[in-house]
Amino acid sequence: MATTGECRSALDKISDNLARADDGVRGAVALDRSLSCHITDLDVSFTGRLTAGRIEVVETLDGRPPERAEIRLAMTGDDLVALVGGELNFAKSWATGRVKLEAGFRDLMRLRKLL
């Protein structure tokens, strides 16, 4: 089972990858939205913002996030680490419900370029 620290490192790696991405991908995430990622097996949530093509984690909380973020992710810690490591396909995991992504329609359309 992945630890809270490993999950935080995975989110940092996603942020670094987004910052180095080509213009098409950076344009897709050139949003300014609140973001939460709930790690279901650890019952821990990371909250922050997706802004300027980066993920900025502001808080690590026990349980579910107290406020509804504009972009919400939920998955196990092992799945987060596997996604970042390229061992798990996001689109397939999302389609089967293994990974949950919730956002407004416009945001989902922009984020689909990442999938």
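Author: Helices (H or I, at least four residues) and strands (E, at least two) are DSSP runs, numbered from the N terminus. This is a predicted model, where local features need pLDDT of at least 70, side-chain atom pairs count only at pLDDT 80 or more, and totals for chains, interfaces and linings use all residues. Residues are numbered from 1 along each chain as its sequence is written, and side-chain values use heavy atoms, with hydrogens and water left out.

Reader: What elements does the protein chain have, and where does D12 sit?

Author: The protein chain has five helices and five strands. Read from the N terminus, they go α-α-β-β-β-β-α-α-β-α. D12 belongs to helix α1, residues 4–20.

Reader: What makes the protein chain as compact as a globular protein of that length?

Author: Take the radius of gyration over C-alpha atoms, and compare it with the globule rule, 2.2 Å times the number of residues to the power 0.38. The protein chain comes out at 13 Å, close to the 13 Å that the rule gives for 115 residues, so it is as compact as a globular protein of that length.

Reader: Why is D12 called partly exposed?

Author: Buried means under 20% relative accessible area, exposed means over 50%, and partly exposed is in between (1.4 Å probe, protein chains only). D12 has 33% relative accessibility, so it counts as partly exposed.

Reader: And what about W94, buried or partly exposed?

Author: W94 has a relative accessible area of 30%, so partly exposed is the word for W94 too.

Reader: Why does H38 count as buried, then?

Author: H38 has a relative accessibility of 5%, so H38 counts as buried. You'll find H38 in strand β1, residues 32–39. Leaving out residues up to four places away in sequence, H38 touches D43, V44, S45, G63, R64, L73, A74 and M75. Contact here means heavy atoms within 4.5 Å. Across the whole protein chain, buried residues make up 41% of the 115 residues.

Reader: Why is the pair of F90 and W94 called tilted?

Author: Rings of Phe, Tyr and Trp (its six-membered ring) pair if their centres lie within 6.5 Å; planes under 30 degrees apart count as stacked, over 60 as edge-to-face and the rest as tilted. The structure holds one aromatic pair. The ring centres of F90 and W94 are 6.2 Å apart and their planes are at 35 degrees, so the pair is tilted. Both residues lie in helix α4 (residues 90–95), four residues apart, about one turn of the helix.
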